[in-house]
Amino acid sequence: MLSFPNAKINLGLYILSRRPDGYHNIESCFYPIPWKDVLEIIPADTFRFTSTGLEIPGDASGNLCVKAYELLNVAFKLPPVHIHLHKVIPMGAGLGGGSADGAFTLKVLNELFELQLSTTDLQGYAAKLGSDCPFFIENLPTIATGTGTTFSQTDLDLSGYWIALKHPGIHIGTKEAYANVIPTTPKNELTSVLAEPIHQWKGVLLNDFEASVCPNHPAITSAKEDLYNAGALYASMTGSGSTVYGLFKSKPELTDYTCFQL
């Protein structure tokens with residue numbers, strides 16, 4: 001069975017408070033975009049995981065596709081499968097690619113073996129894989145709060161716009177991203193800003209990680225400036241970085257950027 005796990009971007013990302021468990025409460029709009037990996041899962045004599053495309057660092061046992069299979073295998077004693085992942089979405093880039101791979105593995109296994117898991121069930125399993133994973137079960141524009149796993153619907157629709165993305169090849173660790181972030185209540189309410197025309201988001205719809213990350217990585221700031229110079233209605237870093245994206249009315253004339261129509 002073939003599926004195509006897609007990336008997401010953050011439209012605004014506010015760090016609201018530090019939690020007693022050491023995590024942070026956030027608020028963000030998660031928006032799916034058509035930058036996709038390719039995931040194939042077929043029955044096999046023994047369990048196997050293979051990959052092509054971008055090189056995936058680390059041991060295969062730590063891959064979220066493998067962990068997703070193991071999670072469901074404990075509960076349902078699944079037959080062995082061969083999971084093959086063709087990796088296209090850059091890793092550690094704030095795009096949620098690995099989280100999407102794990103979540104789509106859960107969805108494919110649910111369908112392949114007729115496990116009859118509900119959306120809520122799948123989101124519960126996905127939450128055990130990582131905080132971004134539950135979003136990819138429904139995979140719709142969503143306002144995420146709490147640790148990023150409490151969802152509310154949004155009718156935001158960017159269909160017809162173009163997005164240009166650049167991953168400058170910089171890895172931003174969690175420790176670095178949070179190093180200079182001071183949790184605070186945002187000046188502008190997220191859903192109110194998103195209700196405004198896109199060209200009014202500049203300087204208002206913020207990613208709190210930019211203040212922490214950009215001073216140490218001028219390439220991120222430069223990419224954002226390039227997007228605005230090319231006519232972007234809005235540009236931002238996504239997640240904790242380092243990918244930067246811009247939203248355009250029409251396909252931009254940019255080199256070294258990956259472009260899609262939403």
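UniProt, in an unreviewed entry, puts a feature called "domain: GHMP kinase C-terminal" at residues 210-252; such annotations may be inferred rather than shown by experiment. This is a predicted model, where local features need pLDDT of at least 70, side-chain atom pairs count only at pLDDT 80 or more, and totals for chains, interfaces and linings use all residues. Residues are numbered from 1 along each chain, and side-chain values use heavy atoms, leaving out hydrogens and water.

**The annotated stretch**
- Residues 210-252 are 37% helix and 21% strand, going by DSSP runs (helices H or I, at least four residues; strands E, at least two).

**Largest pocket**
- The largest pocket has a volume of about 1300 Å³, meaning the space filled by probe spheres set on the grid points.
- A pocket here is an open set of points on a 1 Å grid where a 1.4 Å probe fits, with protein on both sides within 12 Å along at least five of seven lines; lining residues have an atom within 4 Å of a point.
- Of its 48 lining residues, Ser99, Ser131, Asp132, Thr174 and Ser240 are the closest to the centre.
- Domain 1 (2-152) and domain 2 (156-261) both contribute lining residues, so this pocket lies between them; the domain bounds come from an automatic or database assignment.
- Elements giving at least two lining residues each include β2 (6-18), α2 (97-112) and α5 (174-178).

**Second largest pocket**
- The second largest pocket holds about 340 Å³ of space.
- Among its 23 lining residues, Tyr14, Leu206, Asn207, Asp208 and Ala211 come closest to the centre.
- α7 (209-213), α8 (218-229) and β10 (234-237) each put at least two residues into this lining.
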